[in-house]
Amino acid sequence: MIFSRFRGSSNGLQPTDPNAIIHAIGVVKTYRTGTAEVTALKGIDFAVRRGEMVAVMGPSGCGKTTLLNCLSGLDTVDAGTITLEGRDLAKLNDRERTDYRAKRMGFVFQVYNLLPVLSAVENVELPLLVSGVRPKEARSRAMAALETVGLTNWAKHRPAELSGGQRQRVTIARALVNDPAIVWADEPTGALDSHTAAEILELMRELNQTRGVTFVIVTHDPGVGAQCDRIVRMRDGQIVGEEIPTAPAASPDAMVADGRAATIAR
Ligand SMILES: Nc1ncnc2c1ncn2[C@@H]1O[C@H](COP(=O)(O)OP(=O)(O)O)[C@@H](O)[C@H]1O
Ligand SMILES: [Mg+2]
């Protein structure tokens with residue numbers, strides 16, 4: 001199958017370029033359910049630089065979630081190559097892929113995905129315990145992650161006792177607890193009011209800038225896109241364009257102070 005595609009989104013990077021943390025070429029994904037076939041990704045070229053914060057935007061059903069699931073190796077692809085930190089995902093076996101994901105990736109979803117019977121700290125430490133970290137160390141790392149997101153005092157509370165924004169902070173803490181290189185976020189602000197959404201985004205931006213975590217954020221929200229280094233536009237299973245958001249209204253001093261000047265200058 002040949003699909004026309006927008007070529008700019010490889011970002012000028014080669015798969016083996018040490019600056020390319022995510023590199024995808026010609027990714028095709030078709031869902032087959034009974035007799036129906038939906039080709040959700042029609043030949044995607046996409047690359048992300050280490051430390052970049054990229055928004056993927058486009059109408060509902062255009063393939064954003066599918067792209068995220070395929071790039072992160074949660075789902076398989078029908079064609080194309082995905083290289084993460086120089087590793088060809090298809091060449092890893094299931095265990096290696098799961099292991100790589102557990103060590104190097106974090107996930108933040110709109111549905112908070114927290115276990116209701118566990119406290120905040122128990123939710124955050126769970127992925128560490130699953131990957132064999134000792135309970136004591138897992139607890140101290142989970143507490144450190146909760147501190148990073150400003151929830152130290154809420155560690156013992158269950159999700160039902162937390163606000164939407166606090167729950168999303170717990171999921172961010174959980175995504176960060178393994179000190180990942182890449183965080184994938186699917187509509188992370190989709191269930192939040194605009195004020196809380198702005199706070200969550202600010203937190204992700206800070207983690208991006210202070211820790212160099214690479215973020216790929218699927219979003220409907222133009223306000224989220226505006227805060228990212230780059231917006232990639234999708235439509236009907238294809239990438240149709242990309243843009244560098246114009247700087248938010250702020251004084252040059254303020255932009256230097258929050259470290260965004262380098263982004264704007266690019
Ligand atoms: N598990 C699935 N089985 C069959 N079709 C799917 C599945 N997931 C997504 N799709 C279809 O693939 C297309 C892209 O979906 P999705 O990636 O969820 O879009 P978006 O996240 O942009 O809303 C849609 O047509 C959707 O119906
Ligand atoms: Mg989606």
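Let's start with one term: pLDDT is the predictor's confidence in each residue, from 0 to 100. We need that because what we have here is a predicted model, where local features need pLDDT of at least 70, side-chain atom pairs count only at pLDDT 80 or more, and totals for chains, interfaces and linings use all residues. On labels, residues are numbered from 1 along each chain as its sequence is written, while chains are lettered from A and ligands numbered from 1 in the order in which they are written.

So how confident is the predictor? The pLDDT averages 88 over the chain, and 87% of the residues score at least 70. Then there are two stretches to treat separately. Residues 1-5 have a pLDDT below 50, and beyond near neighbours in sequence they make eight contacts in the model. By contact I mean two residues whose C-beta atoms, placed from the backbone, lie within 7 Å. Residues 249-266 are also below 50, with 10 contacts beyond near neighbours in sequence.

Okay, the overall picture. We've got nine helices and 10 strands; these are DSSP runs numbered from the N terminus, with helices being H or I of at least four residues and strands being E of at least two. Of the 266 residues in the chain, 40% are buried. Buried means 20 or more other C-beta atoms within 10 Å of the residue's own, exposed means 12 or fewer, and partly exposed is in between, again with C-beta atoms placed from the backbone. And if you take contacts with a separation of 6 or more, 70% of them link residues 24 or more positions apart.

Now one of the sheets. Four strands make an open sheet, ordered E2-E1-E4-E5, with antiparallel pairing. Two strands pair if DSSP finds at least two bridges between them. E2 and E5 (87-88) are the edges, each pairing on one side only. Between E1 and E4 there are five bridges, and His23 sits opposite Thr83 in E4. Moving along to E4 (residues 79-84) and E5, two bridges hold that antiparallel pair. Thr83 has Asp88 as its bridge partner in E5, and Leu84 faces Arg87. The hairpin of E4 and E5 has two residues between the strands, and Glu85 there takes a positive phi near 50°.

Why is Leu89 called buried? Because it has 20 C-beta neighbours inside 10 Å. Leaving out residues up to four places away in sequence, Leu89 touches Gly73, Ile82, Leu84 and Arg97. Its C-alpha is also 8.7 Å from that of Ser72, 17 residues away in sequence.

Glu161 counts as exposed because it has 12 C-beta neighbours inside 10 Å. Its C-alpha lies 9.8 Å from that of Pro116, 45 residues apart along the chain.

Last stop, ligand 1. Which residues surround it? They are Tyr31, Thr33, Val38, Ala40, Gly58, Ser60, Gly61, Cys62, Gly63, Lys64, Thr65 and Thr66. Near, here, means a C-beta atom, placed from the backbone, within 6 Å of the molecule. Strand E1 (20-33), strand E2 (36-49) and helix H1 (64-71) each give two or more residues to that shell, and H1 gives the largest share, three residues.
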